Amino acid sequence: MIPPCCPGCRRTIQAATSTVPSDPAPPRPGDVGICIGCGQVMVFTGHGHVKAPSSQEQAELARDPDLRRAIQTFLDQAEDSP
Ligand SMILES: [Zn+2]
């Protein structure tokens with residue numbers, strides 16, 4: 001199987017970590033992730049593969065306060081990195 005890669009920066013995705021301590025399961029189809037390399041939001045599609053969100057998914061995700069908070073956390077950490 002070809003390892004999945006970020007649709008933004010093409011880095012190979014080697015691991016995914018849940019941000020929900022009560023649900024540490026691996027990502028399921030439809031779950032959303034953020035690439036730690038470039039901040040690309042991606043949607044898990046099954047068998048560990050990911051895709052960039054469709055325009056409809058982007059519109060839905062833009063209204064998700066948890067995702068907006070996660071993206072802001074990524075951006076804050078990226079600014080703090082040397
Ligand atoms: Zn990336």
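A residue is called buried here if 20 or more other C-beta atoms lie within 10 Å of its own, exposed if 12 or fewer, and partly exposed in between, with the C-beta atoms placed from the backbone. Keep that in mind for Arg10: it counts as exposed because it has 11 C-beta neighbours inside 10 Å.

Before going further, some housekeeping. This is a predicted model, in which local features need pLDDT of at least 70, side-chain atom pairs count only at pLDDT 80 or more, and totals for chains, interfaces and linings use all residues. Residues are numbered from 1 along each chain as its sequence is written.

**Confidence**

pLDDT is the predictor's own confidence in each residue, on a scale from 0 to 100. For the protein chain the mean is 88, and 98% of its residues reach 70 or more. Helices (H or I, at least four residues) and strands (E, at least two) are DSSP runs, numbered from the N terminus. Among the elements of the chain, helix H1 (residues 55-62) has the highest mean pLDDT, 93, while H2 has the lowest, 87.

**The sheet**

What is the order of the strands in the open sheet? It runs S1-S2-S3, with antiparallel pairing. Strand S1 (32-34) and strand S3 (49-51) are the edge strands, each pairing on one side only. From one strand to the next, the twist averages 45°; the axes behind such angles are lines fitted to C-alpha atoms (for helices, over the stretch in contact), and angles run from 0 to 180 degrees between N-to-C directions.

Two strands count as paired if DSSP finds at least two bridges between them. S1 and S2 pair over three bridges, and Gly33 stands opposite Met42 in S2. Strand S2 (residues 41-46) and S3 also pair over three bridges. On that side, Val43 has Lys51 in S3 as its bridge partner, and Gly46 has His49 in S3.

| Hairpin | Residues between the strands | Turn residue with positive phi |
|---|---|---|
| S1 and S2 | six residues | Gly39, about 85° |
| S2 and S3 | two residues | His47, about 55° |

Arg10 also has a positive phi, about 70°, although it is not a glycine. Arg10 sits in the segment before S1.

**The core and its surroundings**

Which residues make up the largest nonpolar core? There are six: Cys6, Val41, Met42, Val43, Phe44 and Val50. A nonpolar core here is a set of buried Ala, Val, Leu, Ile, Met, Phe, Trp, Tyr and Cys residues joined through C-beta atoms within 7 Å. S2 gives the most to this core, with four residues.

For contacts, the rule is that the C-beta atoms of two residues, placed from the backbone, lie within 7 Å. Leaving aside neighbours within four places in sequence, Phe44 is in contact with Pro27, Arg28, Pro29, Gly30, Asp31, Gly33 and Val50.

Cys38 is found in the loop between S1 and S2. It counts as partly exposed because it has 14 C-beta neighbours inside 10 Å. Again setting aside neighbours within four places in sequence, Cys38 is in contact with Cys6, Gly8 and Cys9. Cys38 and Gln77 are 39 residues apart in sequence, and their C-alpha atoms are 12 Å apart in space.

Ala52 belongs to the loop between S3 and H1. With 14 C-beta neighbours inside 10 Å, Ala52 is partly exposed. Not counting residues up to four places away in sequence, Ala52 touches Pro7 and Met42.

Helix H2 (residues 65-80) has 16 residues and reaches 23 Å from its first C-alpha to its last, close to the 22 Å expected at 1.5 Å a residue. That expected span is 1.5 Å times one less than the number of residues in the helix. Is H2 well covered or hardly covered? Hardly covered: the count of buried residues among its 16 residues is zero.

Finally, Pro21 is in the segment before S1. Pro21 counts as exposed because it has 6 C-beta neighbours inside 10 Å. Pro21 and Arg68 are 47 residues apart along the chain, and their C-alpha atoms are separated by 19 Å.
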